[in-house]
Amino acid sequence: MIYVAEKTTSVLPGVLVSPGRAPEISEADDAYGWLVGSWELDVIHYGGRNVSNQLLKGEAHFSWVLEGRAIQDVWIMPRRFERRLYPDRSMNMYGSTLRAWDAALKGWRITWANPAGAHYESQIGRWQGGDVVQTGTRPDGTATRWSFREITADSFHWFGEARPATGANGWTLEGEFRAHRTAGR
């Protein structure tokens with residue numbers, strides 16, 4: 001049996017989305033508010049391989065949520081209007097990140113879920129100099145580091161890296177995006 005929901009107007013956007021940062025988060029600790037808005041993504045590396053010659057594009061959308069105590073986003077690749085062109089699950093991203101401020105930790109607890117590509121991560125994020133860096137460990141012991149670098153008001157360079165627990169030296173690039181703002185601020 002397939003359940004089909006009745007068409008109703010959802011109250012979720014109204015109770016989820018917030019107009020701005022909560023007062024208990026200082027400007028210095030606000031590592032993600034600058035992302036609020038919409039972005040076009042140029043995909044350079046994905047799934048550990050260089051895909052820059054494919055001219056693959058994505059999109060990302062960010063908003064304050066949960067009374068301004070968190071930032072939520074949706075990352076989509078390929079873009080919504082191109083999704084029928086890429087049936088390859090390994091190149092499919094339609095996921096969401098929740099970045100919630102934890103005052104006791106003085107950092108952001110991050111949960112990423114991409115059910116379209118079966119990819120899930122948990123990390124902690126903070127400012128490191130002029131970059132925002134998120135680190136975590138996968139269940140198999142692989143360390144992860146995701147970072148926003150070269151941040152300007154209208155662009156950033158995102159890197160997703162991993163280092164296996166097997167004692168390997170250095171980080172392996174798994175994903176890389178160049179982002180350009182398309183709306184909001």
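User: How many residues of strand S10 are buried?

Analyst: Happy to start here. This is a predicted model, where local features need pLDDT of at least 70, side-chain atom pairs count only at pLDDT 80 or more, and totals for chains, interfaces and linings use all residues. Residues are numbered from 1 along each chain as its sequence is written, and side-chain values use heavy atoms, with hydrogens and water left out. Strands (E, at least two residues) and helices (H or I, at least four) are DSSP runs numbered from the N terminus, and buried means under 20% relative accessible area, exposed over 50%, partly exposed in between, with a 1.4 Å probe and protein chains only. S10 spans residues 155-163 and is mostly covered, the buried count being 8 of its 9 residues.

User: Which residue in S10 is the bridge partner of Phe148?

Analyst: Two strands pair if DSSP finds at least two bridges between them. Strand S9 (residues 143-149) runs antiparallel to S10, joined by 7 bridges. These two form a hairpin with 5 residues between them, and Glu150 in the turn has a positive phi of about 50°. Within S10, Phe148 is bridged to Trp158.

User: And on the S11 side, which residue is the bridge partner of Ser155?

Analyst: S10 pairs with strand S11 (residues 172-183) in the antiparallel sense, over 8 bridges. The partner of Ser155 in S11 is His180.

User: Is His180 buried, exposed or partly exposed?

Analyst: Let's look at its surroundings. Contact means heavy atoms within 4.5 Å; not counting residues up to four places away in sequence, His180 touches Ser38, Trp39, Glu40, Asp42, Asp154 and Ser155. Because its relative accessibility is 37%, His180 counts as partly exposed.

User: What is the relative accessible area of Asn114?

Analyst: Asn114 sits in strand S6 (residues 107-114). Leaving aside neighbours within four places in sequence, its contacts include Tyr46, Asn92, Tyr94 and His119. Asn114 is buried, and its relative accessible area is 0%.

User: What is the radius of gyration of the protein?

Analyst: The protein has 1 helix and 11 strands. The globule rule, 2.2 Å times the number of residues to the power 0.38, is compared with a radius taken over C-alpha atoms. For 185 residues that rule gives 16 Å, and the protein comes close to it, so it is as compact as a globular protein of that length, with a radius of gyration of 17 Å.
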